[in-house]
Amino acid sequence: MGKWALLPADVENWMTEETSDYFRRLFGLPKGLLHICTLDDGYEHVYVPISYIKKLHAFITETTRSERTKLEQVLRTFYSFKRLARKNLTHRASFARMSTQKLISLYRANRHWAHRATVYDQFGWLGEDYWTPLMEKILVRRCGTPKDSPEYYRVLFTFIKPEEISTTLEEKRAVLDAALSVKARKESLANAARTLARAYGWMPVFTFGEPWDEGHYAQEIRTLQKRKTEKLKIEYDELVSYREKRNTDIAECVRRYDITKRDLQTFIDFGLALDTRNEAEYIVSYAGFYLLPIYREIARRLGLSVKQLRTLYEDEIVSALKGTLDPQEALRKKGTIIAWGFDRAMKKRKNFSEKESQALFEHIESYVKPIQGSDESRGVCGSPGSATGTARIVKSPSENGKVKKGDILVTYATTVDYLPAMKRASAFITEVGGLTCHAAVVAREFGVPCIVGLKNAMTAIQDGARVEVIAEKGIVKIA
């Protein structure tokens with residue numbers, strides 16, 4: 001399924017017995033995938049049986065057959081959950097004075113909310129390919145829009161645009177508003193930057209990124225101040241009227257192409273799967289922000305670095321705090337590679353030894369086929385348009401600084417940890433992903449071209465090369 005720059009404790013935001021159980025409660029079947037972490041390079045590799053994808057698709061088919069809007073109703077439960085999670089995750093305390101039991105409880109509670117959020121993220125990710133052929137059939141056969149044409153993508157991305165403004169665009173709107181206020185001398189730069197940092201500084205944390213501070217927002221505001229006030233106001237007003245414009249655009253497309261309610265429901269369901277997937281990642285980021293000081297305190301008490309702590313499993317972290325596990329010995333036993341998966345019923349977890357993990361990794365990589373990113377010459381259009389710039393190969397969020405204004409970001413797959421680089425890039429290219437992936441969604445929100453699922457992009461494209469991205473065709477050319 002893909003490869004991400006994550007360590008075991010990070011991965012367990014998505015992949016524990018608890019996440020599997022929550023997935024079953026919401027979508028009717030448990031979720032248990034195979035995960036292999038290569039600790040020497042800090043990557044997670046995820047594998048899923050094709051049989052499981054078929055079962056999930058069967059669930060979607062049956063759910064929508066019995067009642068057209070039933071899946072929509074299930075996905076909409078995310079929004080009440082989102083409000084509840086944000087309310088319960090906020091926590092400030094003197095962790096150094098906290099008892100071990102209290103620290104454990106706080107850690108468990110933080111992970112609990114992240115586990116519940118990732119259920120929505122995983123559904124959109126695992127179920128995406130159910131909808132893509134259905135939407136293509138509607139757009140090509142019934143609407144007559146040629147595949148991969150500008151009109152095809154205009155209609156597609158109009159229909160799947162979320163009802164509510166995303167967290168990404170909400171933050172963008174707030175920054176524009178602050179820049180206009182500072183430019184009009186209604187507010188000081190320092191105060192505006194401070195307000196933004198408090199409201200949105202948590203966004204790029206995700207697993208263990210660095211929060212945006214006042215300095216970051218001060219620089220953003222200074223950059224925007226160089227632009228004409230009229231253009232800033234137009235961009236801001238468009239975001240203020242986001243929902244109204246979105247509904248007007250959809251109504252226009254429905255009239256123009258005589259879209260039936262049943263066909264429109266296909267796009268509604270997919271749009272919700274897309275939105276809940278990406279907004280769920282922001283819940284993980286929000287949880288990660290409040291996890292930062294908890295991790296630091298746990299690491300201090302155990303005599304570990306935070307990176308070492310993130311290499312342990314959640315249960316190992318708790319056991320180490322209780323004094324029933326030697327964390328150094330646990331780290332030594334892990335070696336350079338670890339894996340865990342579930343039984344056929346996807347209920348019981350199995351942790352593999354280093355030797356077992358290595359053998360499993362070598363075996364499965366010898367025959368596994370990627371679900372997304374199977375073509376080395378052509379990827380999927382995540383956001384239309386063209387751009388030319390310098391390619392920057394970014395292996396992990398720690399290399400975000402390589403991307404300068406106007407560069408082309410090339411990576412395996414993005415998460416919100418990559419937002420600092422994405423804000424500067426003129427286009428994105430990823431090896432993994434589809435229409436619901438983070439890179440594609442953010443690209444459409446930022447209005448920049450994006451190609452996802454371009455196999456071997458990280459090795460086929462040379463760092464520093466001048467390239468042209470032609471997103472509708474899914475191709476990259478040497479400029």
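Where is the place of alanine 387? It is in strand 7. Keep in mind that this is a predicted model.

Let's start with that residue. Alanine 387 has 11% relative accessibility. Buried means under 20%, so alanine 387 counts as buried. What does alanine 387 touch, leaving out residues up to four places away in sequence? The list is Ile408, Ser426, Ala427, Pro449, Val467, Glu468 and Val469. Now take lysine 228. It sits 159 residues from alanine 387 along the chain, and their C-alpha atoms are separated by 23 Å.

Next, the strand itself. Strand 7 covers residues 386-393. It pairs with strand 8, residues 408-411, in the parallel sense. There are 3 bridges between these two. In one of the pairs, arginine 392 has leucine 409 in strand 8 as its bridge partner. As a reminder, strands of a sheet pair through backbone hydrogen bonds, either parallel or antiparallel.

Last, the helices. Helix 12 spans residues 261-302, and helix 18 spans 438-446. They pack at about 100°, with axes 10 Å apart. That makes helix 12 roughly perpendicular to helix 18. On the helix 12 side, we have Leu274, Asn278 and Glu281. They meet His438, Val441 and Arg444 in helix 18. By class, that contact has 2 nonpolar, 2 polar and 2 charged residues.

Note on methods
Residues numbered from 1 in each chain as written. Predicted model: local features only at pLDDT ≥ 70, side-chain atom pairs only at ≥ 80, totals over all residues. Heavy atoms only, no water. Axes fitted to C-alpha atoms, helices over the stretch in contact; angles between N-to-C directions. Helix = DSSP H or I, 4+ residues; strand = E, 2+ residues; numbered from the N terminus. Parallel < 35°, antiparallel > 145°, perpendicular 65-115°, else oblique. Contact = heavy atoms within 4.5 Å. Nonpolar A, V, L, I, M, F, W, Y, C, P; charged D, E, K, R; others polar. Pairing = 2+ DSSP bridges. Buried < 20%, exposed > 50% of the residue type's maximum accessible area, 1.4 Å probe, protein only.
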